[in-house]
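Hello,

Here is the structure I promised to pass on to you. Have a look at it first, and then read on for what turned up in it.

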Amino acid sequence: MGAVKTKRMPRAVREQQMLDAAVRTFGRRGYMAASMDEIAELAGVSKPLVYLYLNSKDDLFTACIRREARALTEAVRAGVRTDAPADRQLWSGLRAFFTHTAQNPDGWAILHLQARTHGEAFAAEAGAMREEIVAFVTQLILAAARAAHRDPDLPEHEVAGLAEALVGAAESLAAWANATPGVTARQAATTLMNFAWAGLGDLMEGRPWAPPQEADHPVTEQPTGQATGQTTG
């Protein structure tokens, strides 16, 4: 009888195996502690093959960030029901976000923690993903607010800050939910809806909260992040 020929695994499949192993290792051990030997062993390949496919540890980590970022943004976009009322759109988007981060805790650890703390190039990759999600949420809120106000010219900057705050809250809550036993994606999404929708709901109805007048103690405010140039002695 002739020798049995083993079917060669396609490069794309083999590369995904390596990325799976790398995401698990980077997410659980951290970028600095993770070793290429460990990643290769977990992927079931030789270390030289990992280098052949993905060049270096930095390139491998960058590939992990990009893959996990793409998967998260696609999950959020796919989860939003754009034909639903504003609160249902936000709910479906948040639930998709928390479901994905709960099902992929290692990938979320890479995006939320590891990429942001191990160099500007990695942080920029994660930041691009975050900017895309913030822009998407901004457009969701903006479209709903304009429709509710019957005002197609409602300025985008009025809701951009809300989207930024909402995404930041979702990121922190996802990290907490993944570290807290028993917290489901549905519970996390409900928590954030209860926290955020009271204010957003009023905005949709044209009832934004306004700060009190400080006539007796006027304060000249300066834009956030702008240095005053003053010193105290």
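Residues are numbered from 1 along each chain as its sequence is written, and side-chain values use heavy atoms, with hydrogens and water left out.

How far can the model be trusted? The pLDDT (the predictor's confidence in each residue, from 0 to 100) has a mean of 83 over the protein chain, and 79% of the residues reach 70 or more. Among the helices named here, confidence is highest in α4, at a mean of 95, and lowest in helix α9 (residues 185-204), at 81. Please be careful with two stretches. Over residues 1-6 pLDDT stays under 50, and the model has zero contacts beyond four places in sequence for them. Residues 227-233 also stay under 50, with two such contacts. Where pLDDT is low, the predicted coordinates should not be read in detail.

As for the overall build, the protein chain has nine helices and zero strands; these are DSSP runs numbered from the N terminus, helices being H or I with at least four residues and strands E with at least two. Of its 233 residues, 37% are buried, meaning under 20% relative accessible area with a 1.4 Å probe, protein chains only (exposed is over 50%, partly exposed in between).

Back to α6 and its neighbours. Seven of the 10 residues of α6 are buried, so this helix is largely enclosed by the rest of the structure. They are Asp-106, Gly-107, Trp-108, Ala-109, Ile-110, Leu-111 and Gln-114.

How does α4 pack against α6? Helix α4 (residues 57-79) and helix α6 (residues 105-114) pack at an angle of about 110°, with their axes 9 Å apart. That makes α4 roughly perpendicular to α6; angles of 65 to 115 degrees count as roughly perpendicular, under 35 as roughly parallel, over 145 as roughly antiparallel and the rest as oblique. On the α4 side the contact is made by Phe-61, Cys-64, Ile-65, Glu-68, Ala-69 and Leu-72, and on the α6 side by Gly-107, Trp-108, Ile-110, Leu-111 and Gln-114. Eight of these residues are nonpolar, two polar and one charged.

Glu-68 deserves a look of its own. At 7% relative accessibility, Glu-68 counts as buried. Leaving aside neighbours within four places in sequence, Glu-68 is in contact with Val-23, Gly-107 and Leu-111.

Finally, α1 and helix α3 (residues 47-54) pack at an angle of about 110°, with their axes 11 Å apart. The contact of α1 with α3 has seven nonpolar, no polar and three charged residues.

Happy exploring, and best wishes

Key:
Predicted model: local features only at pLDDT ≥ 70, side-chain atom pairs only at ≥ 80, totals over all residues. Axes fitted to C-alpha atoms, helices over the stretch in contact; angles between N-to-C directions. Contact = heavy atoms within 4.5 Å. Nonpolar A, V, L, I, M, F, W, Y, C, P; charged D, E, K, R; others polar.
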